[in-house]
Amino acid sequence: MEGVKTEAQWIVMMGFLVSLGIFFLAIIISQSTLVGQTTAEGVLEFPKNDIQDLKHDILEVEYFNRTLCTNLGGTKCGTVMGNISQEIQQISLYRKSAIASFSFPATCSGSPPQRDVYIHYNNGVTAYDEYEIRIYC
Amino acid sequence: MVKDGAQLYTMEGIAAGLIMLLTTYLVLGSTSVYTPGDTHITDMQLEQVGSDILRVMDTPVRLNNTLIDNSLNRSDLEQMVNTTNGGRFFSTFTNTYLCNPEVVANAVLSGCGDIQVNASVWYLTNSGSLGTYMVPNPNPGLSSVPGPGVRVTHWIHTNYKPGPAASVPGDMKNEPQELLLEVVMWKA
Amino acid sequence: MKGKSGQLPVDFLVGFTIFILSFIMVANFVPSLLVGLQRTTGIDYDAVAYRTGVVLVEDPGEPAGNRILGEVSPTDKMPWELQDVAFKSEIDRLGLAISPDTPNVLSINKINKFFDTSFFDDQFSSPTNDYRTRLFFSSYQYGYNITLQNISPMKPGAPALSMSIGQPYPAGYGYIRRYVLIRQNTNATVNLNQTPVEYIATTPAQVNQQLRIRLDGSVLYDPTIPPAYQVDLLREPFTIQVTNLSYMLNNSDPGNNTYSPIACRSNLTGLGMPLSSPCEWNGAAPTYATLRNIYFYDDTGTQIAGYYTKMNLTVDGVREPDANDPVDPSPLNGGLGYQVTNNITLDVSPLWPPGTIEFDAFRSLDIGLDFTEPSPSPPRTLITGEFLYDYNNATVPDLSTGMLEVGIW
């Protein structure tokens, strides 16, 4: 290797350095695709309307349970409430890809008569639980 | 005759140039440059608008002091779904709210007339499986093929099985139940 | 390369030139790699518009009083829509919703206050622009245009809603549209000419020359009523119209030269006229009654000193004392003294407690219209009784639908 002349190797070195710099830039840029998300997508991802709608509907179910359901008779009312609970869970799971459930006591108690409603929602990204929605009977 | 000792520099220069160009080609070809998705802004606006319209349609405008009985519907939306009144639903959704000419004249969501809407109802059948039916649209509009669009949903509590019997599937439960109304909006 | 000639070999130059040219080409590619990371559209105006829309439509503002509408504690700050201009700095956030539990249902009083540019500074280049700090939460000089209009008609007698603040739209901007329901104020009419006849004294014991309007918090803030439909007199003004007062005038002794026990009774000072003493109206029944005072009574029936809230008084179509003055019924200072032939209209301001809480979900408040003639004059009117302001007697308007648009640039 004594006859090999090495004076001009600095040019290739410069070339390598520039290449390395470009690769480094590429690594940085590739990271941005992992974390980048526009605000609009962030808004779309958060299920604000779904949760508000679910809460509104469950309170309507609670009102139904307190008023019209009693007219159906005890057994029928129980079946209907069970079915409603299933409907909300199943439809929410298959159409909204979210777990939604609720519960409240069968009767009102206390003075003034009241009961607390519990709502659970989880769509895999956002979880929402509301424990004591106080309803006056 | 000609000294070829300095060809070294030429060679090195070409080699360095080739290396840099090759690298750049590789890099540009592999990284996907992420441009912010401006198209999602329209989706966000449409989704909020659709949810708002369904919420407003589902709110009764006055307090009904008497207990709800089997024949009364609490809100306009409930009544439209329970009577499968697709004409009224779509005309209210589009002409009263989304593209009301008296109100939207000042607004700037252009291309309002291009927005197509369709609606379907999801329910749980007698046997516990998921069922669905479309809300009939008397004026389907320019194109009935949905493009990329926005889906908004609204829960509806109904006190009886929706009718008339010819418009709804037979396997719906004949009792108070929960339905999910799905509305899809897209630009034709 | 070593030598003393000072000239570069051609090969070196060629090689170096090729290198440099390649380098320049590559360097020109690099900005295109980074262009995706730059702010292509500058500030995301649509995001600011969306956020502003949510604050306006789904938030009641700050301060807004208790989340449960009828409850109020002494430490609660006055709701922002009732605040006086001197305390504008107390307003932290502007929101139009009735409560956090009623998204998309807006209060007409908050709407009117929000779009009142004589209260809030709307100047684009003003450093004290009130909307920027209370709605956008930014010192950046956003241009904005916020518009609200109604879709379904407002309540009968109310003008159509078309309000806006801000500047005209430029070429490019962020935008959001929200659909809302608008809750309007309530009113009641006490028609004194109705069948069956009410509000008139038929025995001497009933003569007290005062009509009471009863505002019962436990009725109005009934917790079984959804908050969007509750009549919230703590925050909403209301109007009471008393009509056909002429049917209550004291013509129990129309000059027949015989006295009537009813006509002679005066209980303002607690002294009753002896029943044997004749008292006539000099031959003719009175043609008017005199509104002497407006009193406030608390839960136990005790009169509250001074006035609990302001009101605008209109007697027979004429504003009293004048078009700009709210009535200050101070009985200690001699009181009012307006002759009423037929109608009285009271536009009562919200009952947010000025100090001591006398009205909320657990208390009731009475407003008494007092027509008591000073002793020993016989009463001019036989009005008596109590009108209950509740959901059956008061006119509660339907919710009207509307559309709110927010543009930001």
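Reply: Let us begin with one interface. Buried area is the accessible area (1.4 Å probe) that two parts lose on being put together, summed over both. Between chain C and chain A it is about 1500 Å², and carbon and sulfur atoms give 76% of that area. Please note that this is a predicted model, in which local features need pLDDT of at least 70, side-chain atom pairs count only at pLDDT 80 or more, and totals for chains, interfaces and linings use all residues. Residues are numbered from 1 along each chain as its sequence is written, chains are lettered from A and ligands numbered from 1 in the order in which they are written, and side-chain values use heavy atoms, with hydrogens and water left out.

Me: How many residues does the contact take from chain C and from chain A?

Reply: Contact means heavy atoms within 4.5 Å. Chain C contributes 19 residues and chain A contributes 16 residues.

Me: How many salt bridges and polar contacts are counted between chain C and chain A?

Reply: A salt bridge requires a side-chain nitrogen of Lys or Arg within 4 Å of a carboxyl oxygen of Asp or Glu. The count here is two salt bridges, one of them between the side chains of D101(C) and K55(A), at 3.9 Å from N to O. A polar contact is a pair of N or O atoms within 3.5 Å; within protein, one must be able to donate a hydrogen and the other to accept it, and residues adjacent in sequence count only if both atoms are side-chain atoms. Across the interface of chain C and chain A, two residue pairs meet this rule, both residues being at pLDDT 80 or more.

Me: Which elements give two or more residues to the side of chain C that touches chain A?

Reply: Helices (H or I, at least four residues) and strands (E, at least two) are DSSP runs, numbered from the N terminus. The elements in question are α1 (10–34) and α2 (45–58) of chain C. The largest share, eight residues, comes from α1(C). By class, this side has 14 nonpolar, one polar and four charged residues, where Ala, Val, Leu, Ile, Met, Phe, Trp, Tyr, Cys and Pro count as nonpolar, Asp, Glu, Lys and Arg as charged, and the others, Gly among them, as polar.

Me: What is the area buried between chain B and chain A?

Reply: That area is about 4500 Å², with 65% from carbon and sulfur atoms. The contact takes 50 residues from chain B and 50 residues from chain A. Three salt bridges are counted between these chains, including that of R95(A) with E182(B), at 2.7 Å from N to O.

Me: How many disulfides are there over all chains?

Reply: A disulfide is a covalent bond between the sulfur atoms of two cysteines; the rule used is a pair of cysteine sulfur atoms within 2.5 Å. The count comes to two over all chains. One joins C69(A) to C77(A), S to S 2.0 Å; its torsion about the S-S bond is about 120 degrees, so this disulfide is right-handed. The other joins C108(A) and C137(A), with sulfur atoms 1.8 Å apart; at -90 degrees about the S-S bond, this link is left-handed.

Me: Are these cysteines buried or partly exposed?

Reply: Buried means under 20% relative accessible area, exposed over 50%, and partly exposed in between (1.4 Å probe, protein chains only). Both C69(A) and C77(A) are buried. C108(A) is partly exposed because its relative accessible area is 27%, and C137(A) is partly exposed at 28%.
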